[in-house]
Amino acid sequence: MRKEFVQKCIGTSRIIRYADDFVCLFQAESEASTFYSQLGMRLKKFNLEVAPEKTKKLIFSRYKTRKENQSFEFLGFEFHWETSRKGNRYVRARTSTKNLCSGIKRFAEWIQSNRDKKIRPLMENVRRKFMGHYNYYGLMGNNRRLSHFWFKCLRILFKWLNRRSQKRSYNWKGFKELIEYFGIPKPEVTEKKIVNSFRL
């Protein structure tokens, strides 16, 4: 991208990469098409290949309408354009549906297999899992999906804590007190800058 293509571009271009995942942005659609057609051949020189199911060319511009623009997934997020109440265009990122569902599923599997552990180490681990999720997915504009993860996982936690014995351990009031005692965090925004990278 940088050595072979950027210098030849008339419009602005940019690459955003993490390990082997990357997004390339082009101001001119013709240059995006040229790059897309040459990408496979370029990667072959390094014994690499494009994953067809993960690679596509799409329109993503502040100057296009909502119908013209498309969304894309990158590093577990869905990116798309939104319009604010004041009429300004901005990039919004939210947890991808796939990653949200898999995160909830992993939490359910973990608490099911660890529910018999002592309550303090168990709840400390729960707290770390929530914080880890917020630290990665805690972007501005992602509040709804953060809250969805929090709500679903707390329901799952309530269910399995009450299966630690034949007798029901907690009602909702007692469960809420337990959550507050161990400082299980509510959804929070922890990072604000990533979405600005996708603006040209």
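Here are a few friendly notes on helix packing and aromatic pairs in this predicted model.

1. Some ground rules: residues are numbered from 1 along each chain as its sequence is written, and side-chain values use heavy atoms, without hydrogens or water. As the model is predicted, local features need pLDDT of at least 70 and side-chain atom pairs count only at pLDDT 80 or more, while totals for chains, interfaces and linings use all residues.

2. Have a look at H2 (residues 97–114) and H3 (residues 119–137), which pack at about 170° with axes 12 Å apart. (Axes are lines fitted to C-alpha atoms over the stretch in contact, with angles from 0 to 180 degrees between N-to-C directions; helices are DSSP runs of H or I, at least four residues, and strands are runs of E, at least two, numbered from the N terminus.) The two helices are therefore roughly antiparallel, a label for angles over 145 degrees.

3. Turning to the aromatics, the whole structure holds 18 pairs, counted when ring centres of Phe, Tyr or Trp (its six-membered ring) lie within 6.5 Å; planes under 30 degrees apart are stacked, over 60 edge-to-face and the rest tilted. Phe5 and Phe26 sit 5.7 Å apart with planes at 80°, so this pair is edge-to-face. Phe5 lies before strand S1 (13–18) and Phe26 in strand S2 (residues 21–26), 21 residues apart. Both are buried, meaning under 20% relative accessible area (1.4 Å probe, protein chains only).

4. Phe77 and Phe79 make a tilted pair, 6.2 Å between centres and 55° between planes.

Note on methods
Parallel < 35°, antiparallel > 145°, perpendicular 65-115°, else oblique. Buried < 20%, exposed > 50% of the residue type's maximum accessible area, 1.4 Å probe, protein only.
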